[in-house]
Amino acid sequence: MKKQIIGGLLAVSMVASMGTMNVAAAEKDNADIKIGFSSKDNSDTFVAAIADAAEARAKELGVELLMYDAGGDVNKQISDCETLLAAGVDALVVIPQSVEGSAPVVGMANDAGVPIIVDNGDIGDTNYTAFVGCTDQESGELLGKWFIEESGLKEGDKVAIIEGPMGQSGQVGRMAGFEEVGLLDYFDVVATQTANWKRDEAMALAEDWITTYGEDLKAIICENDDMGMGALSAAQAAGRDDIIIGGVDGLEDAVQAVKDGTYGVSVLQDSAGQGATGVDVAVAAAKGEEIAKDTRIPFRPITKDNVDAYLEGGVEAISGDDAETKEKATEEQTEEKAAEEEKAE
């Protein structure tokens with residue numbers, strides 16, 4: 001029987017856990033456990049949030065966490081993992097820099113007899129101990145559906161897409177999501193280019209596109225919020241508040257921009273849930289406990305309709321039964337207010 005190792009993290013919604021496995025290890029106390037954590041690039045705001053959550057969870061559990069940041073360099077990530085394994089870690093958590101480029105770390109951990117937990121992004125070698133994260137295609141589908149169904153844009157409108165680094169799981173999955181919901185056929189996609197998850201690169205791209213396509217450009221669809229906020233800065237500087245912009249991650253400034261009405265949608269990816277749960281699973285693996293092979297944490301679109309609920313109550317307020325109850329209550333309040341105004345007239 002598998003254990004759900006999420007502690008008090010209500011923000012973590014476990015969608016699917018496919019298969020379980022036992023990790024052979026001597027029983028250890030938390031104080032004796034050393035976890036290695038290889039982050040792909042903490043200059044990325046969202047990745048840094050995962051790393052911060054992992055550090056906080058390790059401190060809460062009383063385990064030692066050795067944190068390395070590859071800085072976007074896949075070769076450094078491989079070297080970092082070699083260093084962590086040589087340091088005798090009891091489990092290794094990796095946010096892959098590249099699907100294929102980071103794949104060797106799985107074999108390295110297996111050869112060393114160390115459980116390896118892949119966090120956040122996919123990796124080419126699936127012989128890992130466990131995976132914790134989201135399904136990137138889901139975020140692309142949710143973002144694409146919002147632009148098609150709720151943005152107010154029309155079929156055939158000219159849009160541009162800012163992608164993540166080519167070949168990374170986020171870029172591959174989100175583009176697959178766009179394709180799945182028909183976004184690429186519904187709109188006239190005039191430009192598609194990577195900004196490498198970077199705000200400044202996205203701002204420069206958006207500036208160029210706004211100049212090139214002028215009033216014809218109706219939206220900029222971004223595969224993460226850092227790039228989305230860069231595109232928003234470019235649009236605001238050009239006085240183009242008509243360009244609809246949205247992205248993925250649920251970054252704080254992006255959510256505030258949704259509330260302010262300047263950003264269409266931010267598809268929340270639960271960084272705290274991914275970071276903390278990755279450490280939870282690593283600790284369980286280090287202790288030899290039965291763990292889920294695959295744990296998925298769902299994405300949640302944050303729009304003008306639910307942003308207040310999210311800011312007040314967090315992810316729980318826009319998830320599951322609780323969200324439905326709050327939404328129903330909001331609708332009832334709106335109806336009551338309308339009735340009162342009509343009666344007053």
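Axes here are lines fitted to C-alpha atoms, for helices over the stretch in contact, and the angles between them run from 0 to 180 degrees, taken between N-to-C directions. Keep in mind that this is a predicted model.

With that in place, take helix 8, residues 225-237, and helix 9, residues 252-260. Their axes are 9 Å apart, and the two helices pack at an angle of about 50°. Angles from 65 to 115 degrees would count as roughly perpendicular and angles under 35 as roughly parallel, so helix 8 is oblique to helix 9. The crossing of helix 8 past helix 9 is left-handed. Which residues meet there? From helix 8 they are Asp 225, Met 229 and Leu 232, and from helix 9 they are Asp 253, Ala 254 and Ala 257.

The second pair is helix 2, residues 74-86, and helix 3, residues 104-112. Here the axes come within 10 Å and cross at roughly 10°. That angle makes helix 2 roughly parallel to helix 3. This crossing is right-handed. Helix 2 contributes Ile 78, Cys 81, Glu 82 and Leu 85 to the contact, while helix 3 contributes Pro 104, Val 105, Met 108, Ala 109 and Ala 112. As background, an α-helix has 3.6 residues a turn, so residues three or four places apart point the same way.

Now helix 1, residues 45-61. Its 17 residues should span 24 Å at 1.5 Å a residue, and the end C-alpha atoms are 24 Å apart, which agrees. After the helix comes Gly 62, with a positive phi near 80°.

Which residues of helix 1 are buried? They are Phe 46, Val 47, Ala 48, Ile 50, Ala 51, Ala 53, Ala 54, Arg 57 and Ala 58. Arg 57 is on that list of buried residues, along with several alanines. The elements covering them include strand 2 (34-39), strand 3 (64-69), strand 5, strand 10 (244-249) and helix 10 (271-286).

Last, two loop residues. Asn 120 is not a glycine, yet its phi is positive, about 80°. Asn 120 sits in the loop between strand 5 (116-119) and strand 6 (130-133). Is Asn 120 buried or exposed? Its relative accessibility is 7%, and the cut-off for buried is under 20%, so Asn 120 counts as buried.

Trp 197 is also not a glycine and has a positive phi of about 70°. Its place is the loop between strand 8 (188-194) and helix 7 (199-213). Trp 197 is buried, because its relative accessible area is 8%.

Methods:
Residues numbered from 1 in each chain as written. Predicted model: local features only at pLDDT ≥ 70, side-chain atom pairs only at ≥ 80, totals over all residues. Heavy atoms only, no water. Helix = DSSP H or I, 4+ residues; strand = E, 2+ residues; numbered from the N terminus. Buried < 20%, exposed > 50% of the residue type's maximum accessible area, 1.4 Å probe, protein only. Expected span 1.5 Å × (residues − 1). Contact = heavy atoms within 4.5 Å. Parallel < 35°, antiparallel > 145°, perpendicular 65-115°, else oblique. Left-handed = near helix turned anticlockwise from the far one by under 90°.
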